[in-house]
Amino acid sequence: MDKKVRVRFAPSPTGGLHIGGVRTVLFNYLFAKHNNGDFILRIEDTDQNRFVPGAEEYIFECLKWCGLEPDESVVHGGEYAPYRQSERKEMYKQYAEQLAKDGKAYYAFDTPQELEEKRKAVSNFQYDQSSRSGMKNSLTLNDDEIKRLLNENQPYVIRIKMPHDETVGFVDMIRGAVNFNTSQVDDKVLLKADGMPTYHLAVVVDDYLMKITHAFRGEEWLPSSPVHILLWQYLFGLENMPQWAHLPLILKPDGKGKLSKRDGDRLGFPVFAMNWTDPKTGELTHGFRERGFLPEAFINMLALLGWNDGTEQEVFSLKQLVEKFSMERVHKGGAKFDYEKAKWFNHEWMKRSTVDSLQSMVKQLLREAGVEVNDDGRLKAVIELVKDRCTLIPDFVQQSAFFFQSPKEIDVTAIKPKWNEHKQQFFVELIRAYQLSITWQHDDLENIFKEIAAASQLKPGELMLPFRIMLVGGKFGPGVFDVAAILGKQETIDRIKRTLQLVQ
RNA sequence: GGCCGGUUCGUCUAUCGGCUAGGACAUCUCCCUUUCACGGAGGAAAGACGGGUUCGAUUCCCGUACCGGCUACCA
């Protein structure tokens, strides 16, 4: 096999990177790396008019975050530049005209309005071999007429002329042999009236010129593959065609259809890899990164959505995925996206993450929440204590902010109703005892607490909750004595005193 | 409508002719935790339907049903 696995990726015309797109790139990456190939990704925009600034850079940032960096960065040039279709426009046109010259394609002068009317008049109208003889194109018009229209600069498109009753097919890496009869497929537009190619022409020309070896794409492209196969046959030879794999779709969790970015807002989960703001509409689509997912968990989740290694293992690092990946085990059927399961993956990776790898992220997060961390030693201890309790990174705010600043709100309503002089005395006593304590370890704090409780003839259970509220502000967080141990003597005592004043 | 794909617990999936159909998420019960989680133990939960082939079909073949995709001068 060619050592270089070259892959091309076209971003969505409106920008952003859907998780389905990430998965496509991920499988490409895994396949390339598993086979000891180089992973070379070419990103191009698809349409000048719809091109959104920053779309390519955004995609590279996403891939970088995921750990899927291509071996050569080609976003700003490289051997096969330019990548923007608008800059390659003339080249596509030449190929389209060549096809017309060879009788494999033809000029069509039908206006969009005429086509619209036709579709209204004839149900299920298709521009194909059964209908093209009744349309305005270079097959039905005589040469003089065609020349006249061209001279008058009448807009035209170039359509592929689908042959009659031939079987075209290919072997899909996932699905095996797939065949089509050319009589069933329509005469797709190859070159639009504005001179830009459609995807069908562009994908074939670019894959050839950029020496693409493997093309992975979504299942929705399967029906147009006969067009592409024919173009390969006509233009560059079937033997040069990349190997294709059509990946199953990621479906909506409820209802039907493929997962769209709108479903994210509707159902409350991200659909893109990272936040993306459409520069034209200002519309924000949420990303997994900003929602607080770890990249390891994100790609792990995506890989398992459509692939598994046949064992019961579910948690894989990228390295393990590369090791175990095989195309044969990629599923054929689409999978409904399950956000709960996605969060489970993140929790698993959270537990596995080291304190060091989380430290800067958590520090940043706390800063954004208005909590400044000055003591990195304490931060490490806190993360260690708390990370198993966090599913998403933002959970660290609630779980650890109170270690660095005394709680802004103290939930006194949770203790006030059952408060009495007796308890008040206990905490006064506790302050005194803690003040005198030489050590400040979890076990010592607990023992002192219990001894005083026993002496005051109070059950520790009645006192633990108030103590917790005093230290963390609410009914949450790790064990109270763990909290007290990290807070230190002075801070613990201060917090007790402070709340005692509130409940009186 | 046509074409192309797909079809195992609610969801993601294991099974490559021999099953008491396994796991995970979610759900329920219990335990642990004198907070909230984590964690632990257990329960309920599936092979779309009909025909073949076979000693034996979830597994192979054919039909039907259902789901999805495509059927744009969008990708």
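Why is α19 largely enclosed by the rest of the structure? The answer is taken up in point 2, after the conventions.

1. Conventions. This is a predicted model, in which local features need pLDDT of at least 70 and side-chain atom pairs count only at pLDDT 80 or more, while totals for chains, interfaces and linings use all residues. Residues are numbered from 1 along each chain as its sequence is written, and chains are lettered from A and ligands numbered from 1 in the order in which they are written.

2. Helix α19. The helix is largely enclosed because 7 of its 8 residues are buried, where buried means that 20 or more other C-beta atoms lie within 10 Å of the residue's own, exposed that 12 or fewer do, and partly exposed that the count falls in between, with C-beta atoms placed from the backbone. Helices (H or I, at least four residues) and strands (E, at least two) are DSSP runs numbered from the N terminus. The buried residues of α19 are V480, F481, V483, A484, A485, I486 and L487, and they pack against α14, α17, α18 and α20 (489-503), contact being counted when two C-beta atoms, placed from the backbone, lie within 7 Å. Just after α19, G488 takes a positive phi of about 90°.

3. Helix α14. In this helix, which spans residues 376-386, L379, V382, I383, L385 and V386 are buried. These residues lie on the same side of α14, because they cover an arc of only 165° around the axis, the arc being that of the directions from the helix axis to the C-beta atoms. The buried residues of α14 pack against α13 (355-368), α15 (395-400) and α19 (480-487).

4. Nonpolar cores. The largest nonpolar core has 99 residues, of which V22, L26, C62, A273, F298 and L302 touch the most other members; such a core is a set of buried Ala, Val, Leu, Ile, Met, Phe, Trp, Tyr and Cys residues joined through C-beta atoms within 7 Å. Helix α1 (residues 19-34) gives this core its largest share, 9 residues. If residues up to four places away in sequence are not counted, L26 touches L68, I299, L302 and A303. In soluble globular proteins, nonpolar side chains tend to be buried together.

5. Strand pairings. Strand β3 (residues 105-108) has A105 and Y107 pointing one way and Y106 and A108 the other way, and all are buried. Its pairing with strand β4 (residues 157-160) is antiparallel and runs over 4 bridges, pairing being assigned if DSSP finds at least two bridges between two strands. Within β4, I158 is the bridge partner of Y107. Strand β5 (residues 167-172) and β6 also pair in the antiparallel sense, over 6 bridges, with F180 in β6 as the bridge partner of V168, and a hairpin of 3 residues joins β5 to β6.

6. Surface near RNA strand B. By class, the surface divides into 23 nonpolar, 18 polar and 21 charged residues; Ala, Val, Leu, Ile, Met, Phe, Trp, Tyr, Cys and Pro count as nonpolar, Asp, Glu, Lys and Arg as charged, and the others, Gly among them, as polar.

7. N124 counts as exposed because it has 5 C-beta neighbours inside 10 Å. Q457, likewise not a glycine, has a positive phi of about 55° and is found in the loop between α17 (442-455) and α18. With 8 other C-beta atoms within 10 Å, Q457 is exposed.

8. Residue K351. This lysine lies in helix α12 and is partly exposed, with 13 C-beta neighbours inside 10 Å. Leaving aside neighbours within four places in sequence, K351 is in contact with K387 and D388.
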